[in-house]
Amino acid sequence: MAVKHTKKLFVKALEKKFATEVKTIGSKDAKLEGQTTSYLRLGPEQNARKREFMEAAAKLSGKRGMTGYNPYVHAGGIPLGQRQLVPYKLSGTEYVVEGDDLHFVNNPAMQQMWDDVRRTIVVGLDMAHEVLQKRLGKEVTPETINNYLEILNHAMPGAAVVQEHMVETHPALVDDCNVRVFTGDDALADEIDDQYLINIDKMFPAEQAEALKAAIGKTSWQAIHVPTIVVRSCDGGTTSRWSAMQLCMTFIDAYNMCAGEAAVADLAYAAKHAAVLQMSEMLPARRARGPNNPGGLSFGFLADMVQTSRVAAADPVKVSLNVVAAGAMLYDQIWLGSYMSGGVGFTQYATAAYTNDVLDDFCYYGADFAADKFGGFAKAPALLDTAKELATEVNAYGMEQYEAFPTLLEDHFGGSQRASVLAAASAITAAIATGHSQVGLAGWYLSMLLHKEGWGRLGFFGYDLQDQCGPTNVFSYQSDEGNPLELRGANYPNYAMNVGHQGEYAGISSAAHAGRMDAFAINPLIKVTFANPGLVFDWADVRACFGKGGAREFRAAGDRSLVMPAV
Amino acid sequence: MAYTPQFYPGSTSVGINRRKHMSGNLEKLRDIPEADVVAIMGHRAPGADYSSTHPPLKEMGEPDCPIRQIVAPTAGAAAGDRVRYSQWTDSMYFAPSIPYWRSYWGAINCKGCDPGTLSGRQIIEARERDIEAYTKAQYDSEMTDVALCSMRGCTVHGHSLRLEENGMQFDMLARTEMGKDGNVYGVKDQVGIPLDKKVNLGKPMSEAEAKKRTTIFRVDGVQMCGTVGARKYDEAVEALHHMWELRSKWGYRPE
């Protein structure tokens, strides 16, 4: 039997997490494998961040003139901290932060990640150029394009280009705004000023660059990132409007057009509709969100936004798990946890997928097992039998670790956390092994059923539907549920309810292509757009960026302090 | 020939215990007084009248309905009781029952109840006098060990946490405590309101007895899949693989 990886990567994190307990209890026998402990019930004072919260609340209470944060109203006077309040290690990094630091309200990097999605729009240049050339008879050359891009990078942040006596935005408030272009046409790319170009050859490994350029062809595109502060004041639906207005004004300036001529309408239509790629689809009325909001973001698009695939292509697990982290934060903590639900519970559940190296350990075990068995990644036959063998093995391995390390079980104290981690590891393994996301998804559901069978418990009530009935939608051709996983998203019929799923589904989508070492999962335009070095969030190392945010080392865009009195 | 339900596969103690829970053919281990069960549930004071949401069915002039003629109402429904609950938290360290098996027990054996299953708790809702009877049945039977299982309406945290050094399941609200006499006492009701008097729930199971009566598969007990490098699937896994495969294929319907 193939068994290679039993590194138990989570042990190091557990030792860090429970170090204070060992020190406090003072027992030389205290160990991660022990099934009993002393609960010291030290309350919130045991934790640095809770102490900070209480001190801040005490200062604010006089200023506010009313009560606020007070952990002693919890559970009729019994506060948090009856067990040890342990810190969290960001998986694959050395960052150790408090749990509170992983709520997006407290973590500017997490906010920026979402801001970077909703402030982005991809707009084709070719349709506008055709209008200029064929309808207006104007000349479009690399020189005119470079001139246009210079004007555009003045206008897009919110500056005037053809009108007099206009208000403008302060450049230091919108300095994160930028527009770069990319193309599969090497000759055109050579002519574009470097500062305005996303250089595919430079940003991607050679094989990926060739694949991307072949997919993009001779077309040319603008990767537009409007100011963070704009989408924080408005929303993702604003992005196409903001960018379209500035694009049209820039065309008028750059190509000496009449501001009122009918051709401007063609440019506006191209910029708003015909040549636009939104990051996410608009949702139905009952969810009432415009385009570029997280509920319409497909798993494949998120897989392509994350850039780990171009810096660590040989490590498909790492690629997949950075996508999982991005998705767990965006879909669970922000979309389901706040847009759809509200509160703080979703963060606690979501962190299991990207902290303490647990999912990493289970996935590397699975990937090694599969590689030994099938001779490499994406070599296994894309069959139910493959999903059965791999998901059963990986799920059993994971359950065994939870049983052998009670501190690990305690760390993932909610069944939903364990369910998501076990199923994600099973599915990512099956997807990497076969290069097929649907086989991965089949592994997901088998893991859920095995987990429930072994321990007689799974997740929230909703897991009964989403996961126990889920196998039927893996290969479904039904009109509303028949998409390949890459094209499904947060609003897919059975997926719109439970924490601990959507980020993992994005990870499975990524895993299939990471196993195949594909340049992209579903859309080359998205992959190249998020390679833009001008983005504020580091899309190549999602988990480290979250760690920086938690450690208060990350500087987000959209800061208003420049125009407010100092605190 | 009369049909005999099979309930569950497997010849291990876990398989056998799961069948016992589902069939309702359970051993009675203790006899907690009804008044004490009612006090811990916390919905009404022991001896107090039941609150009702409608008059007794006999006084309501029910419509002529074939279903009503077939199905006799439970005592609580007949009296018009409100719907109340009991919720259990079972430790993963060999508690006798586990959430789905409490639900299966309820769904198969208890009329007029609504089980709900999560990872850290399992709730059954029913008319008040019915749920009191169902709760007492669970408390008294081998489904429950008083150290590894407890009733928790809220703040249920504990099923996956390490045990206290005295073998008790962690409870943030400390609703039960180990007495110096070795008995476990209930000191707060389901939602953590202190009881007027402690309720003696009796002695906990030994570790060996808990392992004998448990329904959970674990690598340090009855294994479901063997261990790394030495896989051996329980019959339950074979059955589950079959079900998963059929369920997956059923969804493939290109017509």
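Two strands are taken to pair if DSSP finds at least two bridges between them, and helices (H or I, at least four residues) and strands (E, at least two) are themselves DSSP runs, numbered from the N terminus. The model described here is a predicted one, in which local features need pLDDT of at least 70 and side-chain atom pairs count only at pLDDT 80 or more, whereas totals for chains, interfaces and linings use all residues. Residues are numbered from 1 along each chain as its sequence is written, while chains are lettered from A and ligands numbered from 1 in the order in which they are written.

In chain A, five bridges join β4(A) to β6(A), and these two strands run antiparallel. Within this pairing, Gly124(A) has Trp221(A) in β6(A) as its bridge partner. On β6(A) there is also a pairing with β5(A), again antiparallel, in which six bridges join the two strands, and here Thr183(A) stands opposite Ser220(A) of β6(A). As for burial, a residue is called buried if 20 or more other C-beta atoms lie within 10 Å of its own, exposed if 12 or fewer, and partly exposed in between, with C-beta atoms placed from the backbone. By this criterion strand β6 (residues 220–225) of chain A is mostly covered, since five of its six residues are buried.

Helix α15 (residues 316–341) of chain A is likewise mostly covered, with 22 of its 26 residues buried. The end C-alpha atoms of this helix of 26 residues are only 33 Å apart, which falls short of the 38 Å that a straight helix would reach at 1.5 Å a residue; the expected span is 1.5 Å times one less than the number of residues. A bend of about 35° is found in α15(A) at Trp335(A), where the bend at a residue is the angle between axes fitted to the seven residues ending there and the seven starting there. Just after α15(A), Gly342(A) adopts a positive phi of about 100°.

Elsewhere in chain A, Tyr72(A) is located in the loop between α3 (48–64) and β2 (88–89). This residue counts as partly exposed because it has 13 C-beta neighbours inside 10 Å. When its neighbours within four places in sequence are left aside, Tyr72(A) is in contact with Gly77(A) and Pro79(A), two residues being in contact if their C-beta atoms, placed from the backbone, lie within 7 Å. The C-alpha atoms of Tyr72(A) and Pro44(A) are separated by 9.0 Å, although the two residues are 28 residues apart along the chain.

Chain B contains nine helices and ten strands, and of its 255 residues 44% count as buried. Its C-alpha atoms fill a box of roughly 65 × 60 × 40 Å, taken along the principal axes. Among the contacts in chain B with a separation of 6 or more, 62% are accounted for by residues 24 or more positions apart. One local feature of this chain is a hairpin formed by β2(B) and β3(B), with four residues between them. Four bridges join β2(B) to strand β3 (residues 122–127) of chain B, and the two run antiparallel, Pro115(B) standing opposite Ile124(B) in β3(B). Strand β2 (residues 114–117) of chain B has a covered face, made of Pro115(B) and Thr117(B), and an uncovered one, made of Asp114(B) and Gly116(B).

Between the two chains, 47 residues of chain B are in contact with 51 residues of chain A. On the side of chain B that touches chain A, the elements giving two or more residues are α6 (99–109), β5 (163–164) and α9 (235–251) of chain B, and α9(B) gives the most, with ten residues. Strand β1 (residues 36–37) of chain A and β5(B) pair in the parallel sense over two bridges, and Thr36(A) stands opposite Leu163(B) in β5(B).
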